[in-house]
Amino acid sequence: MSRSVLVTGGNRGIGLAIARAFADAGDQVAITYRSGDPAELEKQGFLAVKCDITDGEQVEQAYKEIEEKHGPVEVLVANAGVTKDQLLMRMTEEDFTSVLDTNLTGTFRVVKRANRGMLRAKKGRVVMISSVVGLYGAPGQANYAASKAGLVGFARSLARELGSRDITFNVVAPGFVDTDMTRALTDEQRANIVAQVPLGRYAQVEEIAAAVRFLASDDASYITGAVIPVDGGLGMGH
Ligand code: NDP
């Protein structure tokens, strides 16, 4: 059955691959974008809604538009995220709070709004995109790692709070994936990372999307509060 799916940051990178995986399976997929050409995304069959998840009003407007066109969101993938890497000594409070505001509080905003319809439907699937770094740590990424670790506590608390309503909350923790985010690294940084990954390579975006789609499928009906690593073995199950 075709479901109403929302993928935040579905306009590029991992989010776009996730959106494609749901659309290919026949779901109605809405994606948020800030940059890029919405017409291009609409051509691919997505409902593209402009939304910055740091702004509660824009989140509200996005949901209204999706509800009008696709009905209440039944599957939410909270994927949008940013990095602002800096060693602690040089990290400003703004570097810290802006990353938290997108990755963690932004996820809170979209999850809270989706919960309204899911509660009414007594059914829902939420998947949050964390990172191996949230559980493993990384020098220069204290802000990012804190935000991604925060998603685990957030998801697990909601899994307990809303399990009786048949709403599941799971986390996917990717390792290093070939996207704009990691293309910003130097060749040397990339080689060092690959050397630590048992599978010896970066992930392709489709490999992350496959895990997300599974968690939102009927096959995962008894999985909630889980953190699924898709990291080539880097975190060894962390
Ligand atoms: P990209 O940098 O390629 O894309 C980031 C996405 O997030 C874009 O769609 C961007 O939208 C969106 N976004 C950022 N800030 C906001 C905001 N305030 N409001 C709405 N949308 C926003 O990243 P990836 O595809 O690599 O990453 C996707 C997710 O996966 C992120 O949460 C990231 O932390 C996580 N991740 C990535 C890994 C990797 O190796 N690439 C590894 C582990 C986790 P716009 O285009 O408008 O800027």
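Lys122 is exposed, because 10 other C-beta atoms lie within 10 Å of its own; a residue counts as buried if 20 or more other C-beta atoms, placed from the backbone, lie within 10 Å of its own, as exposed if 12 or fewer, and as partly exposed in between. The model is a predicted one, in which local features need pLDDT of at least 70 and side-chain atom pairs count only at pLDDT 80 or more, while totals for chains, interfaces and linings use all residues. Residues are numbered from 1 along each chain as its sequence is written.

Lys122 is found in the loop between H4 and strand E5 (124-129), where helices (H or I, at least four residues) and strands (E, at least two) are DSSP runs numbered from the N terminus. Although not a glycine, Lys122 has a positive phi of about 55 degrees. Met236, in the segment after strand E7 (227-230), is also not a glycine and has a positive phi of about 50 degrees. Most residues other than glycine have a negative phi.

## A buried glutamate

Glu74 is found in the loop between helix H3 (56-70) and strand E4 (75-78), and Glu74 is buried, with 22 other C-beta atoms within 10 Å. Leaving aside neighbours within four places in sequence, the contacts of Glu74 (C-beta atoms, placed from the backbone, within 7 Å) are Arg3, Ser4, Ala121, Lys123, Gly124 and Arg125. Ser4 lies 70 residues from Glu74 in sequence, yet their C-alpha atoms are 5.4 Å apart in space.

Terms used
Two residues are in contact if their C-beta atoms, placed from the backbone, lie within 7 Å.
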